[in-house]
Structure formats: structure tokens, C-alpha cells
Amino acid sequence: MGHGHSHGAASGGGTAAGRHKGSLLAALALTTAFMVAEVIGGLWTGSLALLADAAHMLTDAGGLALALIAIRFAERPATPQKTYGYVRMEVLSALTNAVVLLLLTFYILYEAYQRFLSPPEILGGPMLAVAVAGLVVNLISMKLLSGGSSESINVKGAYFEVLSDMLGSLGVILAALVVMLTGWTLVDPIIGAGIGLFIVPRTWILLKQAVHILMEGTPANVDLALLERKLGEIPGVTGVHDLHVWTITSGLDAMSGHLVLADMARAGEVLSVARTLVSAEFGITHVTIQTEDQALREAEGEMRL
């Protein structure tokens with residue numbers, strides 16, 4: 001038997017999230033700076049919609065901080081005890097962000113119910129001013145994070161939180177205008193509940209993606225049946241088994257498998273072709289392939305019978 005192993009950069013500095021560390025840091029600074037003002041504004045105006053938006057801003061800051069902490073851990077080198085290093089911290093960070101945001105949504109819905117029963121007085125003018133300022137901050141943060149959101153589940157989690165907050169700011173602006181023009185204060189808990197509900201589907205998708213990675217499921221961009229067929233079509237390969245593809249962290253997929261060969265003298269050639277195929281057609285650079293002699297495998301099978 002023989003084996004082949006190849007891989008791309010696996011250090012934290014090479015992860016998709018790591019390449020966008022500067023954008024995350026800038027977004028965190030903007031979010032944190034405005035979060036305090038928005039919380040104060042929400043308490044001052046008595047607006048649930050504004051408080052809901054401020055709560056999302058708080059989770060934005062926490063999510064961005066978690067993302068940066070995860071990247072810092074991911075940059076640490078691998079050890080004999082943690083052979084992949086700490087790159088999975090990015091996935092755990094995204095999972096934490098999703099869970100916190102879902103819990104926060106439940107609280108906002110509960111508070112909206114309470115306000116339907118007893119609507120408080122709301123100051124529309126200050127509420128509008130704070131919401132407009134929040135919208136500007138969120139748009140800037142979204143611009144900073146948009147590039148990394150398609151590459152890293154960690155950055156994607158932070159981007160979704162900022163997106164939800166941007167939509168929340170639009171909702172608060174609408175609520176403030178309604179209160180100022182009509183005096184109808186029930187629009188505030190309605191908008192607050194809407195802010196909470198809007199992000200649930202996206203957060204649920206993020207949660208499922210993080211769990212899928214932690215369960216070492218096959219990446220969505222990899223057709224495992226097609227990969228198996230392509231490997232089986234390599235000249236000299238008579239069988240493929242124990243084929244696994246999983247994601248270590250965003251932007252870093254791995255594959256392992258066994259190839260059965262008719263002629264072990266061609267093992268080196270077959271391994272080279274297989275690694276090139278997996279990298280070029282499926283984008284997987286961290287590859288471990290073991291080769292097996294067909295005659296020896298058949299003989300072992302007969303012995304077991």
C-alpha cells in the first residue's frame with residue numbers, strides 16, 4: 001500500500017476570515033462607538049424599535065469581537081495535540097453569534113407583546129435622529145464586510161448581524177415618522193417585532209452551516225458522487241472507497257480516500273493525477289489518498305470468506 005498527501009496553507013493567517021481582519025476591526029470600532037449612543041437614545045425616547053435596533057447593535061459588537069478573537073486563535077500554530085491548530089474557533093464563533101441572535105429575537109418578541117398590552121409614550125423626533133445616524137454606521141460597516149462575507153462563515157455571521165441592524169434602522173426610521181405624523185405608538189412594537197423576525201431565517205441558515213461544518217458534512221460546493229466517479233476514471237484505478245470530504249474552516253476543505261490500483265508500480269503517477277484533479281476541479285488542496293493493490297485486496301477478501 002502507498003499514500004499521498006498534499007495541502008495548502010492551513011495556518012490561521014491563511015484563512016478566509018484572517019484576510020479580512022482589518023475590515024472586521026474597523027467595523028467593530030464603528031459599531032461600538034455608536035452602540036452606546038443608540039442604547040442611550042432608546043432609553044431616552046422609550047422606543048422598543050430603537051431598543052431592538054440597539055440590542056442588535058450590541059450583538060453586532062459582540063459578534064465582531066468574537067470573530068476577531070477567533071481569527072487571533074486561528075493564527076496560532078498547530079500543535080501535536082491540535083494538529084489543525086485553532087482554525088475551528090472561527091466556526092464556533094459563527095455558531096455562538098447565531099445562537100445569541102436567536103435568543104435575542106425571542107426577548108424582543110416578548111417585549112413587543114408587553115408593549116401591545118401597555119403602550120408607552122414615545123419621543124418621535126430624537127428617535128428618528130438616532131435611527132438615521134445608526135443607518136449610516138450600518139451601511140459603512142456592511143461595505144467593509146461585504147467582500148469577506150462570501151469567503152468566510154465567520155465574516156458572514158458578522159455581516160448578517162450588521163445587515164439585520166441596517167434593516168432595523170430603516171424600520172425605526174419608519175416607526176419614528178409614523179409616530180411623529182400620526183401619534184400612533186403601536187407602530188413601535190410592531191416594527192420592533194418585525195426587526196426580530198426578519199433576521200431569523202438568515203440566522204437559521206448560518207446556524208445550520210456552522211453545525212454542518214462541525215459535523216464534518218460534505219461541503220455544499222462538492223458533489224461527492226461526481227468526485228468518486230472522476231477518481232474512478234483515472235487510468236489504473238479499479239476502485240474508490242472510504243472517500244470523505246469535509247470543511248476544516250471556511251475556505252479550507254479537506255479530502256481523504258482510498259484508490260485501488262491494478263498495478264502498484266503506477267502508484268506515484270496515479271497519486272499525482274488524482275491530486276491535480278481534486279485541486280483543479282473541486283478546489284480541495286488538503287488531500288490525503290491511500291493506494292491499495294487490487295490483487296492483495298482480492299486475496300484478503302477471499303481469506304475472510
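How many Å² does the accessible surface of the protein chain come to, and what percentage of it belongs to carbon and sulfur atoms? Please then take a close look at strand E3: what does E3 pair with, and how many of its residues are buried?

Reply: The model is a predicted one, in which local features require pLDDT of at least 70 and side-chain atom pairs are counted only at pLDDT 80 or more, while totals for chains, interfaces and linings draw on all residues. Numbering starts from 1 along each chain as its sequence is written, and side-chain values rest on heavy atoms, with hydrogens and water left out.

To take the surface question, the protein chain has an accessible surface of about 14,200 Å², and carbon and sulfur atoms hold 66% of this area. The protein chain has 305 residues, of which 48% are classed as buried (buried is under 20% relative accessible area, exposed is over 50%, and partly exposed lies in between, with a 1.4 Å probe and protein chains only). Among contacts in the chain with a separation of 6 or more, 76% join residues 24 or more positions apart; a contact means heavy atoms within 4.5 Å.

The chain contains 10 helices and 4 strands, where helices (H or I, at least four residues) and strands (E, at least two) are DSSP runs numbered from the N terminus. Their order along the sequence is β-α-α-α-α-α-α-α-α-β-β-α-β-α.

Strand E3 covers residues 252–261 and pairs with strand E4 (residues 286–293) in the parallel sense, over 8 bridges; two strands are said to pair if DSSP finds at least two bridges between them. Within this pairing, Thr288 of E4 is the bridge partner of Ser256. Between E3 and E4 the chain passes through H9, and the resulting β-α-β crossover is right-handed; this term applies if, with the strands pointing away from the viewer, the path from the first strand over the helix to the second runs clockwise. Val287 in E4 stands opposite Met255.

E3 also pairs with strand E2 (residues 237–249), here in the antiparallel sense and over 9 bridges. E2 and E3 make a hairpin with 2 residues between them, and Gly251 in the turn has a positive phi of about 85°. Thr249 has Leu252 as its bridge partner in E3.

As to burial, 10 of the 10 residues of E3 are buried, so the strand is largely enclosed by the rest of the structure. On one side of E3 the buried residues are Leu252, Ala254, Ser256, His258 and Val260, and on the other they are Asp253, Met255, Gly257, Leu259 and Leu261, so that both faces are covered.

Glu281 belongs to helix H9 (residues 267–282) and Lys230 to helix H8 (residues 224–232), and the pair links distant parts of the chain, 51 residues apart. Glu281 is partly exposed at 46% relative accessible area, and Lys230 is likewise classed as partly exposed, at 24%. The whole structure has 5 salt bridges, each being a side-chain nitrogen of Lys or Arg within 4 Å of a carboxyl oxygen of Asp or Glu.

Elsewhere, Arg115 forms a salt bridge with Asp188, the closest N and O atoms being 3.7 Å apart. Arg115 is in helix H3 and Asp188 in helix H6 (residues 187–198), so this pair ties together parts 73 residues apart in sequence. Asp188 is buried, at 0% relative accessibility. Arg115 also forms a salt bridge with Glu111, at 3.5 Å between the closest N and O atoms, and both of these residues are buried.

Finally, the largest nonpolar core comprises 42 residues, and Leu24, Leu64, Met127, Met142, Leu145, Val172 and Ile191 have the most contacts inside it. Helix H5 (153–182) is one of the elements that give two or more residues to this core, and its 12 residues are the largest share. Apart from this core lies another of 21 residues, including Ala267, Leu271, Ile284 and Ile289. A nonpolar core is a set of buried Ala, Val, Leu, Ile, Met, Phe, Trp, Tyr and Cys residues joined through side-chain atoms within 4.5 Å.

Technical notes. Areas by Shrake-Rupley, 256 points an atom, 1.4 Å probe, with all protein chains shown as cover.
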